[in-house]
Every structure is written in C-alpha cells, then in structure tokens.
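Let's take a walk through this model together, starting with the overall layout and ending with the charged pairs.

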Amino acid sequence: MKNNDLLSEGNKVEFERDLNQFIRKLIDWKTDSSLVHRADDLNTTISTDALPLGGQSLDDSIEELVGSLDRNINFSSKKFMGFPDCGNSLAGLAGAVAEVFLQQNLINKDICSPMGTEVEADVLNWLRELIGYAVNNKLLKLPTPKRTMKP
C-alpha cells in the first residue's frame, strides 16, 4: 500500500493483508521469550538524529520499527522479572486495536464519541458509587458545542 492510502472498500483486502503481516511480526516478538531486551541498550546515552528532510516509505517505516523491537522491553517474556501489562492478554490487545479503529475522542458526544461518552459516564457513576455519592443513571441535557467549524 502507499503511505497515504486510507482504508476503503476498494483496498480493504490489501489493507487487511498488510496489517495482518505487521501484527504477525509483533505477536512473534511478544511470544519470543529468548530475551527481554537487547542488553547493550541499558545505561547508554540516547543519541538523536537530525530532522529528516524527506519522508520515508510505509514499508521502510514498518521494517525500521520491526528491526527495533528488540530495543523495547518485552513484558511477555518469561525472563521478564516485573509485572505483566495489559499487552499480554487478548482482551488488552483487542481493546487497544479497537481504540485505534473506533477513534473515540471525548470532546463531543454527538460527532466524536457517543459510545465513549457513555462508557465515561458509566465509569464516573461507578466511582461515585464506590465513594458513597449519589448516582444518577439518567443523564439528561448533555452539553453540546454552540458552534461547529464548517469546511
């Protein structure tokens, strides 16, 4: 696919194929218990690169990311001596993927995130209940913006 291709009915098969190939590489890394991270990355100086003058192809970007996986901490490794994170479970990974696809932005219930706003209201009610405040299960007259930008 090209760098600027947006998901559409016309390219969804190719899009899914390329995304699945990338996810397969990430899952292979998560399930590789041979190392937690590359040992030479500990206690070293961070060096930065100059601002690039041009872009990089999507394929090159993916290969660069995949090539740098061993510089990240693999919380799934059996050799990792810390707590596991949500990236070790199907529920955690599925939630992270869903977040990106659903693009829930809690700015505005009407156009950005109806479901996200409902989940946010549920969590706030649960927190209110846990600390002893009254809970209102029907939220009415949610604020909406007075003005919206039009192209």
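What follows goes from the whole chain to one helix and then to the salt bridges.

First, some ground rules: this is a predicted model, in which local features need pLDDT of at least 70 and side-chain atom pairs count only at pLDDT 80 or more, while totals for chains, interfaces and linings use all residues. Residues are numbered from 1 along each chain as its sequence is written, and side-chain values use heavy atoms, with hydrogens and water left out.

The chain has 4 helices and 0 strands, so from the N terminus the order is simply α-α-α-α; helices (H or I, at least four residues) and strands (E, at least two) are DSSP runs, numbered from the N terminus. As for confidence, pLDDT is the predictor's own score for each residue, from 0 to 100. Its mean over the chain is 80, and 81% of the residues reach 70 or more. Helix 1 (residues 12–30) has the highest confidence, at a mean of 91, and helix 3 (residues 90–102) the lowest, at 84.

How much of the chain is buried? Buried residues make up 11% of the 151 residues, where buried means under 20% relative accessible area, exposed over 50%, and partly exposed in between (1.4 Å probe, protein chains only). The chain exposes about 13,100 Å², with carbon and sulfur atoms supplying 59% of it; these areas come from the Shrake-Rupley method with a 1.4 Å probe, and for residues only the protein chains shown count as cover. Among contacts (heavy atoms within 4.5 Å) between residues at least 6 apart in sequence, 57% join residues at least 24 apart.

Now zoom in on helix 4, residues 114–130. Its 17 residues reach 25 Å from first C-alpha to last, close to the 24 Å expected at 1.5 Å a residue, the expected span being 1.5 Å times one less than the number of residues. The helix is followed by Gly 132, whose phi is positive, near 95°. Its buried residues are Gly 116, Thr 117, Ala 121 and Asn 125. An α-helix has 3.6 residues a turn, so residues three or four places apart point the same way. Asn 125 counts as buried because its relative accessibility is 13%. Leaving aside neighbours within four places in sequence, Asn 125 is in contact with Val 135, Asn 136 and Asn 137.

Finally, the charges: the whole structure holds 4 salt bridges, each a side-chain nitrogen of Lys or Arg within 4 Å of a carboxyl oxygen of Asp or Glu. Glu 63 pairs with Lys 25, with the closest N and O atoms 3.0 Å apart. That pair links distant parts of the chain, Glu 63 in helix 2 (residues 58–67) and Lys 25 in helix 1, 38 residues apart. Arg 17 bridges to Asp 18 at 2.9 Å, and Glu 14 joins those two in a network of salt bridges.
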